[in-house]
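Okay, thanks for coming, everyone. Let me put the model up and then we'll walk through it.

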Amino acid sequence: MEDKLMKNKNLKYIAMKKFLKISFALILVLFTGTQCSKDFPVDGDGLLITERAECYVSNFELLGSDFQTVRTKNAVIDTTAQTVNVEVFYGTDLKNLYPQFSLVTDAKLDPKIIGKVDFSDLATPKLWTVISGNRKVKKDYTVYITVQPKP
Amino acid sequence: MQRNYIHIALLMVFVLFLNSCKEEEYALPSPKSGLNNDVIKRSIGPNLAGQNLEFAYAMAIPDAEGKIVSARVEATIAGASGTYMEKRSFYTNSSGVDVGIQVADTAITEGNATVVNFTRDTCAATLRYFYKIPDEAKGKEVTFTFSATASNGKTATYKMGPYTVAKMDMALDLAVTNNANCYISIENMAVYNATDAALNADKIDLVYLYRNITGITFGHALMAPATSAEYLDGLVLPAGVSNDAQIKKVWALRDRHLARLQYGVYVDDMDFQKLSLEGSPNYALNLKAESGIWLETANKNYRAYVYVNAVNANGSARISIKRYLVN
């Protein structure tokens, strides 16, 4: 009778051990599965380098020292000629402007805009380079400013 | 073994229940004995000369121990004319309205001290104290000692501060009009017409201009007299008015002192100390209500913030100024 009880206990112990092993293996498989998503590399700025080759400016804003727009109307962006044309209000302080670029997904701008920009030399327009998400396409955009003329 | 575990678990649950079932009976808090007092500062923002520092001074003594006889506030720098303590004690009613009940004679202010003597038999009161900041306190620190005396001879005191008084000055609601009262002196914090501007020529730092020109956005403008003739747009300046200044446009910096709107924003001494207008122009066009300008005079003596309270399409505006003496 005692032998039979011992045997039963051993069988239960073996079954429990088997169950734990299977559970552990299953969790390991699931965990490995989640780790398999593709990792994109990052560039020197800590930005993802993706597979996108698109490279253009989608919108442009220009703010004055009071962080209000100085545009008289929407900027004209020519993605073929790679130009941005903006007309600003009469009397705009061209030395202290904050340009804002909107770019296609994953693209970045060079040089970076870290503060106000001096646009006062209208004869020498400012130039920025747009770099695509895959960092293989580079396009130079020239920003032309004109001041609303006094009649 | 398994049974033992069950027993332990049951025991723990039982202990937990015992703990959570303990009921504490509410007891009315017993008041502190003796004369007690407390103060809160009600005014906020930078402490400007000419403005009030407002406090609420609360004092109380148990009814059985006596009544309040007097309250006194002593400032380290004597307040300007208009410093006083309320003779009414305020409480807030159920509708949130402060209700005042007269408990004392009119306050007497002599030198640095303001005193009220109680006329009503009271054992608890909250009196407001208004300290009008004098000009001589500019850039200095001021401390207050509040004290109350009870009929049993006990006194209680409470110190508040020190509070630093700002160095800057303020002028509110200066009316400017196109081609008339359009010459502004930061040094004098005043607006002049052409005749008076000629008499104060070296002190004129700004000109107000309004132009409604089709095709461009000019509107209301503030500019230094030395700005280009193009922006002055035909305005002939009075003889000798030729100062320059550096100007930076600002939007929605609605200083509470100047704007008196709901925004809790203040321009303080530190803003002027850190202000850098390097590379800024000497004009600001198209100013709207609730906008403003930072300014530094050409001699670098003054920095100012000029706030536009209101503009009118007929070519006039109302401005307010905070000014900081640099040197």
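Over all chains, the count comes to 20 salt bridges, where a salt bridge is a side-chain nitrogen of Lys or Arg within 4 Å of a carboxyl oxygen of Asp or Glu. Keep in mind that this is a predicted model, so local features need pLDDT of at least 70 and side-chain atom pairs count only at pLDDT 80 or more, while totals for chains, interfaces and linings use all residues. Housekeeping: residues are numbered from 1 along each chain as its sequence is written, chains are lettered from A and ligands numbered from 1 in the order in which they are written, and side-chain values use heavy atoms, with hydrogens and water left out.

One of those bridges is in chain A, between the side chains of Asp43(A) and Arg135(A), at 2.8 Å from N to O. What does that pair tie together? Asp43(A) is in the loop between helix H1 (2–34) and strand E1 (57–63), and Arg135(A) is in the loop between E6 and strand E7 (138–147) of chain A, so the bridge links parts that are 92 residues apart in sequence. Helices (H or I, at least four residues) and strands (E, at least two) are DSSP runs, by the way, numbered from the N terminus.

The peptide bond from Asp110(A) to Pro111(A) is cis, with omega near 0°, and Pro111(A) sits in the loop between strand E5 (108–110) and strand E6 (126–131). Then there's Asp106(A), which isn't a glycine but has a positive phi, near 75°. Look for Asp106(A) in the loop between strand E4 (98–103) and E5 of chain A.

Okay, where the chains meet. Contact, meaning heavy atoms within 4.5 Å, takes in 15 residues from chain A and 19 residues from chain B. The two chains bury about 1,300 Å² between them, with carbon and sulfur atoms giving 52% of that. Buried area here is the accessible area (1.4 Å probe) that two parts lose on being put together, summed over both. On the chain A side, Asp66(A), Tyr90(A) and Lys150(A) lose the most area to chain B, together 41% of what that side buries.

How many salt bridges cross between chain A and chain B? The rule finds 1. Lys150(A) turns up again here: the side chains of Lys150(A) and Asp233(B) meet in a salt bridge at 2.7 Å, N to O.

The domain assignment, which is automatic or from a database, gives domain 1 (36–164) and domain 2 (169–325). Contact takes 6 residues from domain 1 of chain B and 8 residues from domain 2 of chain B. The area buried between these domains is about 600 Å², and carbon and sulfur atoms give 65% of it. Ile44(B), Pro46(B) and Leu48(B) supply 69% of what domain 1 buries against domain 2, more than any other three residues.

The rule finds 1 salt bridge across that domain interface, plus 1 residue pair in polar contact, again both at pLDDT 80 or more. Elsewhere on the slide you'll find Asp169(B) bridging to Lys138(B), with the closest N and O atoms 2.3 Å apart.

Last stop, the strands of chain B; two strands pair if DSSP finds at least two bridges between them. Strand E3 (residues 68–75) runs antiparallel to strand E9 (residues 141–150), joined by 7 bridges, and Val73(B) has Phe146(B) as its bridge partner in E9(B). E3(B) also pairs with strand E7 (residues 113–117), antiparallel over 5 bridges. There, Glu74(B) partners Ala113(B) and Ser70(B) partners Asn117(B).

E7(B) in turn takes 3 antiparallel bridges from strand E6 (residues 108–110), with Ile108(B) opposite Val115(B). E6(B) and E7(B) make a hairpin with 2 residues between them, and Gly111(B) in the turn has a positive phi of about 60°.

And chain B has a cis peptide too: Gly161(B) to Pro162(B), omega about 10°, with Pro162(B) in strand E10 (residues 155–164).

Key. Polar contact = N/O pair within 3.5 Å; in protein donor to acceptor, adjacent residues only side chain to side chain.
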